[in-house]
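Have the sequence and the model open side by side while reading.

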Amino acid sequence: MKECNMGQLVDRSGIKLEEVHNLQMYDRIHELLCLAHKDNSSVAFSTTNVSKEELENKIYKNQGTIFIATYNDELVGMMAISIDKRKKWYCRGKTASLRFIAVHPDYKGNGIASELVDLCKEWGVKNNLQTLIWTTAYNNEAAIATAEKNAFRKADYIKFNSVQHPSIRLVLWLDKSVRNCWKLSVYYCIRKYYVSLLNQV
Ligand SMILES: CC(C)(COP(=O)(O)OP(=O)(O)OC[C@H]1O[C@@H](n2cnc3c(N)ncnc32)[C@H](O)[C@@H]1OP(=O)(O)O)[C@@H](O)C(=O)NCCC(=O)NCCS
């Protein structure tokens, strides 16, 4: 048992993790996304407003999948992964992005997101992926901390036209440790300086 300052006391052995291959539970997924992002002012509109068809297109039609966590049959966490065709120097080989990452506010801090990341890593290895990407708002401390805790490294600083705030992209190389790649740190610092200067943030 772990007492956490963010959610309720949870017996971690009661958390059930599984892969879902269709969107029969779309309503519960949508509800979880809205709940998880309720206090998140910088969330992209498309995350909480995603329709069943969009989710289907973004994940399953992009050769991806969805992992969920339940506790006493309640949906308490989710993470999706789908193939990403972007060609950046830090994307080594076949690449996928983690998307729609959400943990129920009452269950945060119990390692649920980290367990879901592990499933994504296993899935990545099984599907011969070399790079996993996690993109989040520059000020999403929980997401950045969770990504870094799970061995992702900050690689890029970006300002998308569609969102008002800058975003941080973190990477994980499944075939080789990213921890000692000095090029990532240098590139990230330059990008952060450049994007901040351009956008005055
Ligand atoms: C980000 C999120 C998925 C993390 O879920 P979680 O199940 O609480 O994460 P974990 O329990 O696996 O935590 C992983 C690590 O990150 C740290 N962490 C989590 N939230 C943190 C916070 N707000 N500030 C600092 N560190 C934090 C944890 O302490 C833990 O490290 P530890 O084991 O050394 O203590 C969850 O906070 C969430 O759903 N947020 C709202 C939705 C969102 O922003 N999604 C991400 C969009 S990209």
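Which residues come nearest to the ligand? Of the 21 residues around the ligand, these are Lys108, Ala113, Ser114, Ala142 and Ala145. A residue is near a molecule or strand if its C-beta atom, placed from the backbone, lies within 6 Å of it. Two or more residues of this shell are given by each of strand E4 (95-103), helix H4 (112-126) and helix H5 (141-149). H5 has the largest share, with 6 residues. Helices (H or I, at least four residues) and strands (E, at least two) are DSSP runs, numbered from the N terminus. By residue type, the shell around the ligand holds 9 nonpolar, 9 polar and 3 charged residues. Here Ala, Val, Leu, Ile, Met, Phe, Trp, Tyr, Cys and Pro count as nonpolar, Asp, Glu, Lys and Arg as charged, and the others, Gly among them, as polar.

Two points on the model and its numbering apply throughout. The model is predicted, with local features needing pLDDT of at least 70 and side-chain atom pairs counting only at pLDDT 80 or more, while totals for chains, interfaces and linings use all residues. Residues are numbered from 1 along each chain as its sequence is written.

The protein contains 6 helices and 7 strands. Read from the N terminus, its elements follow the order β-α-α-α-β-β-β-α-β-α-β-β-α. The 7 strands make an open sheet in the order E1-E2-E3-E4-E5-E7-E6, with mixed pairing. Strands pair if DSSP finds at least two bridges between them. E1 and strand E6 (153-158) are the edge strands, each pairing on one side only. On average, neighbouring strands of this sheet are turned by 25° against each other, direction ignored. Axes are lines fitted to C-alpha atoms, for helices over the stretch in contact, and angles run from 0 to 180 degrees between N-to-C directions.

Begin the sheet at E1. Strand E1 (residues 15-20) is antiparallel to E2, with 6 bridges between them, and Val20 has Ile66 in E2 as its bridge partner. Strand E2 (residues 65-71) has 5 of its 7 residues buried. A residue is buried if 20 or more other C-beta atoms lie within 10 Å of its own, exposed if 12 or fewer, and partly exposed in between, with C-beta atoms placed from the backbone.

On its other pairing, E2 runs antiparallel to strand E3 (residues 74-84) over 7 bridges. Going along this pair, Phe67 is partnered with Met79, Ala69 with Gly77, and Tyr71 stands opposite Glu74. E2 and E3 form a hairpin with 2 residues between them, and Asn72 in the turn has a positive phi of about 50°. In a regular strand the side chains alternate between the two faces of the sheet. E3 is in turn joined to E4 by 7 bridges, again antiparallel, and Gly77 stands opposite Val103 in E4.

H4 lies across E1, E2, E3, E4 and strand E5 (131-137), at about 35° to E3. H5 lies across E4, E5 and strand E7 (167-173), at about 160° to E5.

Thr136 belongs to strand E5. Why is Thr136 counted as buried? Thr136 counts as buried because it has 21 C-beta neighbours inside 10 Å. Leaving aside neighbours within four places in sequence, its contacts are Ala143, Ile144, Ser167 and Ile168. Two residues are in contact if their C-beta atoms, placed from the backbone, lie within 7 Å.

Finally, the overall dimensions. The C-alpha atoms fill a box of roughly 45 × 35 × 35 Å along the principal axes. The radius of gyration is 17 Å, which agrees with the value near 17 Å for a compact globule of 201 residues; it is taken over C-alpha atoms, and the globule rule is 2.2 Å times the number of residues to the power 0.38. Of the 201 residues, 34% are buried. Among contacts between residues at least 6 apart in sequence, 66% join residues at least 24 apart.
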